[in-house]
Amino acid sequence: MSRDAVRTVRAGRRSVEVHRPDKVLFPAGSGTEEYTKADLVDYYHSVAPFVLPHLRGRPLMLERRPDGVDGPRFMQKNTPEHYPDWIARAEVAKEGGTVRHTVCDDTATLLYLADQAALTLHRWLSRVGAVQTPDLMVFDLDPAGDDFPAVREAAVLLGGLLDELKLPSALMTTGSRGLHVVVPLNGRHGFDEVREFARDVADVLAAGHPDRLTTAARKKDRGDRLYLDIQRNAYAQTAVAPYTVRALPGAPVATPLSWDQLDDPALHARRWTIADAADQARTRPWAPITGRARSLGPARRRLDALRG
């Protein structure tokens, strides 16, 4: 197939054109495979049933790499005028105006975005129609360097604290260096309240393990400690979506996993790629938190009691 070829992929009632499907987006490297745009489209097609529930109704920021991971990066918030009219948009307020974000509600949109070389989909923690009240809270466990054992330890500690607060939580590799711990919320709290709660949780955890964990936003203040990052819990901030591909060699994928899998010695932040993330998705590792969204009220009272 020539680089100028167009491939058509059926997605529900729509047909999506994939331009230059043989274009290499992820060159082969030391220990990594080569992947083309066709590979990216095929991957997103295979995980569509698993990724779409995490995308529907959410404004997106798209990380585009038209020339592959070695080329320029474009962080796209506004939806271009040339996007098909069947792709959903969400116009949300920003300082001094509005932004018209793309919303991915169906497989056809997901494949169209892959054709646009939108490798990574960054989602809002709230949904259209209730953008001020998130239904997710995210803790980003960001290690100093590639110290994944420190990430694993921090996840255990954070998971234990959330259990004590009676908040359900789930794990996801970021596809980069760390893990995200995600808590489903009932969507009745504003961003300021959610962020304050997340900060207090992180402060309690860091205070109990000051030699290993920190909430210091400045890198120079962290030393070798793992950073408990809660900054995504704010209006217009985004977090990498489950099952999305990262713009890194080998096409690693941000992949949900079960708490039991945290004990796997082979686990690391880039454990899954577009070659095998769909297999992990089929195990439905987040099934235990489905339908378990919580209010922060009771958890706040428990947290305040712990803080004394």
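How exposed is Arg307, in terms of relative accessible area? Arg307 is partly exposed, at a relative accessible area of 48%, where buried means under 20%, exposed over 50% and partly exposed in between, with a 1.4 Å probe and protein chains only.

The model shown in these views is predicted, so that local features need pLDDT of at least 70 and side-chain atom pairs count only at pLDDT 80 or more, while totals for chains, interfaces and linings use all residues. Residues are numbered from 1 along each chain as its sequence is written, and side-chain values use heavy atoms, with hydrogens and water left out.

**View 1. Salt bridge between Arg307 and Asp200.** The closest N and O atoms of Arg307 and Asp200 are 3.3 Å apart, a salt bridge being a side-chain nitrogen of Lys or Arg within 4 Å of a carboxyl oxygen of Asp or Glu. The pair links distant parts of the chain, with Arg307 in helix 6 (residues 297-307) and Asp200 in helix 4, 107 residues apart; helices (H or I, at least four residues) and strands (E, at least two) are DSSP runs numbered from the N terminus. Salt bridges with shared partners join Asp200, Arg300, Asp304 and Arg307 into one network. Asp200 counts as buried, at 10% relative accessibility.

View 2. Arg212 and Glu153 meet through their side chains at 2.4 Å, N to O. This pair also links distant parts of the chain, since Arg212 lies in the loop between helix 4 (191-208) and strand 13 (213-214) and Glu153 in helix 3 (residues 148-164), 59 residues apart. Arg212 is partly exposed at 34%, and Glu153 is partly exposed at 31%. The salt bridge of Glu63 and Arg65 spans 3.8 Å, N to O, and both of these residues are buried. The count for the structure comes to 20 salt bridges.

**View 3. Aromatic pairs around Tyr235.** The structure holds five aromatic pairs, for which rings of Phe, Tyr and Trp (its six-membered ring) must have centres within 6.5 Å, planes under 30 degrees apart counting as stacked, over 60 as edge-to-face and the rest as tilted. Trp124 and Tyr235 form an edge-to-face pair, 5.1 Å centre to centre with 80 degrees between the planes. Trp124 belongs to strand 9 (residues 118-124) and Tyr235 to the loop between strand 14 (226-229) and strand 15 (238-240), 111 residues apart. Trp124 is buried at 1% relative accessible area, whereas Tyr235 is partly exposed at 25%. The rings of Phe191 and Tyr235 have centres 6.3 Å apart and planes at 80 degrees, so this pair is edge-to-face. Phe191 is buried, with a relative accessible area of 6%.

View 4. A pocket is an open set of points on a 1 Å grid over the protein atoms alone, where a 1.4 Å probe fits, with protein on both sides within 12 Å along at least five of seven lines, and lining residues have an atom within 4 Å of a point. Of the 18 residues that line the second largest pocket, Asp140, His180, Asp229, Arg232 and Arg246 are the closest to its centre.
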